[in-house]
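Student: Hi! I have just opened this one and could use a guide. Can we go through it together?

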Amino acid sequence: MKLTLWTYEGPTHVGAMRVATGMTGLHYVLHAPQGDTYADLLFTMIERRGQRPPVTYTTFQARDLGADTANLFKDAARAAHDRFRPQAMIVGASCTAELIQDDPGGLAGALGLPIPVIALDLPSYSRKENYGADETFHQIVRALARPMPRTAAITCNLLGATGLGFRHRDDVAEVTKLLGLMGIAVNVSAPMGASPADITRMGAAHFNVLLYPETGETAARYLERTCGQPFTKVVPIGVGATRDFLHEVAGITGLSPRVDETGLRLPWWSASVDSTYLTGKRVFLFGDATHVIAAARIAATEIGFEVVGMGCYNREYARPMRTAAKAYGLEALITDDYLEVEAAIAEAAPELILGTQQERHIGKRLGIPCAVISAPVHVQDFPARYSPQMGFEGANVIFDTWIHPLVMGLEEHLLTMFREDFEFHDAAGASHHGGKAGLQDAPPVAVAVPDEQAGTPNAADGGGALPPGFASPRDISEQMKPAEVPEGAAGQPGPRWLDDAERELKKIPFFVRGKARRNTEKYAADRGVTAISVETLYEAKAHYAR
């Protein structure tokens with residue numbers, strides 16, 4: 001474990017909570033200190049659920065550590081059963097409580113409750129959230145599912161959807177609809193939407209559809225061994241993958257893979273004249289392995305992007321991620337350190353980032369547009385509308401989502417033509433961002449600025465003069481950031497840009513302008529040039545082009 005400002009995955013008990021929250025009739029008794037109850041907010045605030053997760057915390061405090069915390073857990077488990085009357089119960093410890101070694105499974109088993117009690121042994125200090133969800137679902141299936149006669153009609157189980165999952169609610173609905181077009185009904189969708197009673201009849205399905213390997217593959221492999229149920233390997237994200245998925249299901253069932261595709265729009269839209277500005281756009285992808293691998297295929301083969309970087313944060317899937325990256329001539333980035341991801345993105349200088357909520361923040365800092373394709377996500381990526389990622393409708397949603405942050409070709413041309421206009425210059429920002437509104441719309445915020453800047457025109461305010469003693473939001477932000485001054489060999493401030501060179505630099509497309517600036521400054525510093533002119537800029541360009 002390490003101290004960090006951001007983590008792509010929570011501890012393993014959060015993964016167990018995702019499973020419990022997605023299910024009905026299941027209760028989770030978590031041996032945890034008072035501070036660990038923060039996890040409720042993940043579901044009520046971010047996912048916008050209308051009820052609390054079905055979790056009872058023992059909430060021991062520091063003063064309890066010298067007493068009998070084991071009895072505290074037993075009292076909490078007994079009270080949870082009496083109050084909620086669940087069909088089954090899972091019990092475990094948070095990372096903090098794991099150090100006490102109270103054995104929640106053994107303590108709960110000693111209570112003699114009249115329901116199945118499933119003990120979770122989740123290694124909090126060596127594994128993370130996705131593993132916790134996968135192992136929790138596996139233990140529930142292992143405890144409750146049994147081989148049984150198959151249903152008369154061909155049915156399947158959908159595996160892997162959980163609470164707090166990225167578009168899991170709508171993916172389940174879309175895949176259910178897609179399978180229905182083939183004449184296949186869904187027996188059980190689990191863990192999300194299932195009860196412990198539903199888990200007991202999972203063995204009746206003819207096969208399993210593995211939607212999310214990160215949270216369902218271990219259960220799928222267990223059902224294959226014990227119930228003789230094959231499971232699908234293709235995740236239906238994107239047009240090509242969805243068609244491959246239908247053929248895979250057809251191979252298992254003997255049914256026809258042909259379904260109605262009249263609602264599919266991505267292929268024509270990405271090939272139409274209006275979308276030619278997408279071709280060749282450089283894109284960097286990062287997130288969980290399943291979504292990144294699927295997104296890379298869509299980007300490269302269905303939209304026409306150039307994949308310049310890709311990686312994942314879940315090390316369990318490092319091997320398939322590296323294999324996928326090699327197909328694009330890349331070395332996969334496997335890390336859970338967001339600073340490494342930011343450095344890799346800055347080095348690749350893409351025109352679009354496809355990532356998690358963290359990459360959205362990275363994109364803001366680097367001035368690169370971003371679309372979210374993977375958990376972890378924030379509240380805006382749990383939309384009220386129907387917005388799947390899987391199936392043919394999911395492909396339509398992906399197309400709309402990915403092109404939204406980009407600047408269209410004609411728009412980019414016009415912005416270049418009117419670059420010096422007060423409304424369209426680089427510092428003005430997007431017109432639909434409220435932070436760029438003029439100061440006449442709101443009271444100004446007093447911020448100290450140097451005397452020589454007071455009363456001078458300010459680009460972020462559309463070119464108008466600011467009252468003395470006031471600064472725009474952009475100025476405030478710039479004052480808060482540490483100065484980025486390139487240094488020469490002796491550690492002295494690097495070369496300065498002449499006005500004509502600055503104007504020439506702005507003619508370079510915005511998505512590579514930062515790299516051009518860095519290369520030119522390095523070129524000048526290496527040669528002892530103190531003032532960068534237009535000639536220096538083009539000399540540096542020629543140097544790095546060789």
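**Salt bridges and a loop residue**

Tutor: Happy to! A search of the whole structure finds 21 salt bridges. Keep in mind that this is a predicted model.

Student: Let's pick one. Which residue does D40 form a salt bridge with?

Tutor: D40 pairs with R52, and their closest N and O atoms are 2.7 Å apart. The two are 12 residues apart, and the pair links distant parts of the chain.

Student: Where are D40 and R52, then?

Tutor: D40 is in helix 2, which covers residues 40-46. R52 is in the loop between helix 2 and strand 2 (55-57).

Student: Is D40 buried or exposed?

Tutor: D40 is buried, because its relative accessible area is 10% and the cut-off for buried is under 20%. R52 has a relative accessible area of 48%, so R52 is partly exposed.

Student: OK, next one. What does D170 form a salt bridge with?

Tutor: That would be R169, with 2.8 Å between the closest N and O atoms. D170 counts as buried because its relative accessibility is 6%. R169 is partly exposed, with a relative accessible area of 47%.

Student: And K177, what's the partner there?

Tutor: K177 forms a salt bridge with E174, and the closest N and O atoms of this pair are 3.8 Å apart.

Student: How many residues apart are K177 and E174 in helix 7?

Tutor: They are 3 residues apart in helix 7 (residues 168-181), so about one helical turn separates them.

Student: Is E174 buried or exposed?

Tutor: E174 counts as buried, at 6% relative accessibility.

Student: Which residues are linked with D336 in a network of salt bridges?

Tutor: K128 and R315 are linked with D336 in such a network.

Student: Changing topic: where is A152 found?

Tutor: A152 sits in the loop between helix 6 (129-144) and strand 5 (155-161).

Student: Buried or exposed, that A152?

Tutor: A152 counts as exposed, because its relative accessibility is 91% and exposed means over 50%.

Student: What separates the C-alpha atoms of A152 and A204?

Tutor: A distance of 9.3 Å separates those C-alpha atoms, while A152 and A204 are 52 residues apart along the chain.

Definitions and conventions. Residues numbered from 1 in each chain as written. Predicted model: local features only at pLDDT ≥ 70, side-chain atom pairs only at ≥ 80, totals over all residues. Heavy atoms only, no water. Helix = DSSP H or I, 4+ residues; strand = E, 2+ residues; numbered from the N terminus. Buried < 20%, exposed > 50% of the residue type's maximum accessible area, 1.4 Å probe, protein only. Salt bridge = Lys/Arg side-chain N within 4 Å of Asp/Glu carboxyl O.
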